[in-house]
Amino acid sequence: MKILVCISHIPDTTSKINFTNGDSEFDTNGVQYVINPNDEFGLTRALWFQEQQGATVTVVNVGGADTEPTLRKALAIGANEAIRVNANPTDGFFVAKQLAEVIKNGGYDIVIAGKESLDYNGGMVPGMISGILGYNFLNSCTAITVDGTNVTAVREIDGGKETVTTSLPLIIGAQKGLVEEKDLRIPNMRGIMTARTKVLTILEPVDAPVNTKAVKFEKPAPKSAVKLVSADNLDELINLLHNEAKVI
Amino acid sequence: MSILIYAESAEGKFKKVALELASYAKKVAESLGTTVTAITINASNVSELSKYGVDKVLKVNNDKLSGFTAKAYADVIKQAAQKEATKIVLLSSTTDSNYMAPLVAVALEAGYASNVVSLPVNTSPFQVKRTAFSNKAFNITEINTDVKVLSIGKNSYGIFENASTLTEEDFNPTIGDGDFGVKVGSVEKVSGKVSIADADIVVSGGRGLKGPENWGMIEELASVLGAATACSKPVSDLGWRPHGEHVGQTGKPVATNLYIAIGISGAIQHIAGINSSKVKVVINNDPEAPFFKVSDYGVVGDAFEIVPQLIAKFKAFKEQQS
């Protein structure tokens with residue numbers, strides 16, 4: 001079984017968010033980059049298939065040379081090989097087209113992509129790959145078992161979960177719950193050493209439309225100070241919530 | 001060239017976010033000199049949409065669509081959009097609509113923007129404001145395709161009544177076996193509880209509550225308020241509460257009307273995830289807790305003394321109201 005895990009290279013989730021160049025670009029100064037958390041759940045699940053069912057795991061990122069340390073980290077965690085498509089991931093459809101090309105050429109059975117990257121929160125790449133290739137697609141996936149080409153999987157829905165059956169080839173949108181937080185793989189010494197010798201292929205992008213463009217960024221307006229209510233005067237809180245905030 | 005909205009329903013009844021979507025669409029339609037068409041799937045009382053400015057509804061009634069199937073529903077919306085020659089397709093930001101939005105976009109060769117928080121900034125070029133960096137910033141996104149698909153963030157615009165005359169039309173799009181490559185087997189819902197996504201009020205507990213055995217008062221407060229219960233990441237990781245209650249950057253997003261955080265200090269990732277909530281109330285023993293800096297109202301003190309009092313006072317308040 002061939003598995004492709006799509007990795008986004010994003011600012012660490014505790015980073016300060018600032019913009020430069022007339023607020024048209026994210027300020028990368030002093031920012032540490034990591035694997036998108038949703039993708040990490042997907043990568044760990046892929047490694048389970050590698051260990052239990054002999055699957056090969058390829059990781060792919062659409063990005064510039066600056067993303068290679070993140071790809072090497074994924075190799076250190078246990079992926080077999082990596083691919084970087086040499087293009088800036090400025091638009092979800094453009095990225096999906098690049099990944100679709102890699103998938104077509106590689107003949108992958110399962111494609112795992114985090115359902116949303118925590119930087120631009122587009123939430124569109126896994127679904128768009130499915131739309132482009134016509135492969136089955138399950139979003140918000142929190143469990144998956146594969147038997148031949150038959151798949152049983154679980155999708156998280158509002159207030160519960162849904163069990164589905166489908167077949168390979170399959171795209172899944174990964175998220176927390178696909179594996180337990182405590183079972184997330186991290187690189188060990190051996191992984192880090194072998195990562196250096198694993199293959200990282202650089203591909204040039206294919207021609208594809210760029211349908212959207214982030215033209216400007218804004219930080220939220222500063223909040224007014226909190227209204228503190230004394231613990232001895234909780235009636236006032238009820239009053240504020242009803243008469244001022246009008247939420248009860 | 002009307003604006004098309006997918007008015008999402010559950011068990012036949014329109015979700016609140018569908019009414020918000022209609023309100024948003026009406027405003028955009030008016031500014032563009034066009035009308036609003038809604039596509040509904042197995043909805044019971046479509047005439048309700050006339051209260052919110054919808055001009056036409058394409059009603060789909062089909063047993064094959066009784067459970068949500070992303071590809072089939074996306075196919076229905078695509079056919080409705082083509083029938084209406086629409087340039088703007090609007091969806092809500094629910095789990096199901098988010099699942100199918102990219103499929104709709106690709107089918108219509110449309111650029112897509114998710115988490116849109118206000119009316120378009122510009123229509124030519126077409127620009128919308130959306131959230132990014134997990135609610136820590138906004139970006140203005142320009143969509144340069146002929147057709148645009150937008151997902152409107154919950155609680156970002158509001159529900160506004162705007163009476164219209166509604167034309168109802170039965171719509172029978174073609175759906176084939178190819179739309180059902182993913183088949184739903186069983187659905188398990190936590191019975192009787194309102195989900196975090198649908199709740200108007202969310203009561204959330206953190207590590208300050210010291211242990212799972214103390215959650216009784218959280219559940220009681222939620223029950224009195226008709227609220228959903230939620231928790232912070234450490235509480236979920238410790239196994240004190242079910243994973244489904246974890247809200248925050250890597251948990252569920254919360255865009256409710258009232259978010260009450262009890263014993264939660266306010267890590268950046270937690271605040272990011274719940275930031276789209278309209279009103280935030282924080283109850284914490286520590287006056288330096290970062291959460292107080294971003295909340296609307298706060299009480300500094302011992303949750304174990306405050307919450308039982310709040311339960312009694314909310315109960316009395318509710319009785320007074322009825």
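Reader: Let me start with one residue. In β13(B), what is the bridge partner of Glu162(A)?
Author: The partner is Val187(B). Keep in mind that this is a predicted model.

Reader: Which strands does that belong to, and how many bridges join them?
Author: Strand β11 (residues 160–167) of chain A and strand β13 (residues 183–189) of chain B are joined by 6 bridges. The two run antiparallel.

Reader: How many residues does each chain give to the contact?
Author: Chain B gives 71 residues and chain A gives 60 residues.

Reader: On the side of chain B that touches chain A, where does the largest share come from?
Author: From helix α3 (residues 95–107) of chain B, with 8 residues.

Reader: And how does that side of chain B divide by class?
Author: It has 32 nonpolar, 27 polar and 12 charged residues.

Reader: New topic, sheets. What is the strand order in the open sheet of 6 strands?
Author: The order is β15(A)-β18(B)-β17(B)-β16(B)-β14(B)-β15(B), and the pairing is parallel.

Reader: Which strands are at the edges?
Author: β15 (227–228) of chain A and β15 (228–231) of chain B. Each of them pairs on one side only.

Reader: How many bridges does β14 of chain B share with β15(B)?
Author: There are 4 bridges between β14 (residues 201–205) and β15(B), in the parallel sense. Within that strand pair, Val203(B) stands opposite Thr229(B).

Reader: Now helices. At what angle do α3 and α4 of chain A cross?
Author: Roughly 55 degrees, with the axes of α3 (residues 92–106) and α4 (residues 125–133) coming within 8 Å. α3(A) and α4(A) are therefore oblique to each other.

Reader: Left-handed or right-handed?
Author: The crossing of α3(A) and α4(A) is right-handed.

Reader: Which residues make the contact?
Author: Among them are Phe93(A), Leu99(A) and Ile103(A) from α3(A), and Met128(A) and Ile132(A) from α4(A). By class, the contact has 11 nonpolar, 1 polar and 2 charged residues.

Reader: What about α4 and α8 in chain B: what angle do they cross at?
Author: Helix α4 (residues 216–225) and helix α8 (residues 303–321) cross at roughly 15 degrees, and their axes come within 9 Å. That angle is under 35 degrees, so α4(B) is roughly parallel to α8(B). The crossing is left-handed.

Reader: Which residues touch there?
Author: They include Leu221(B) and Val224(B) of α4(B), and Ile311(B) and Phe314(B) of α8(B). The contact of α4(B) with α8(B) has 9 nonpolar, no polar and 3 charged residues.

How values were computed:
Residues numbered from 1 in each chain as written. Chains lettered and ligands numbered in written order. Predicted model: local features only at pLDDT ≥ 70, side-chain atom pairs only at ≥ 80, totals over all residues. Pairing = 2+ DSSP bridges. Axes fitted to C-alpha atoms, helices over the stretch in contact; angles between N-to-C directions. Parallel < 35°, antiparallel > 145°, perpendicular 65-115°, else oblique. Left-handed = near helix turned anticlockwise from the far one by under 90°. Contact = placed C-beta atoms within 7 Å. Nonpolar A, V, L, I, M, F, W, Y, C, P; charged D, E, K, R; others polar.
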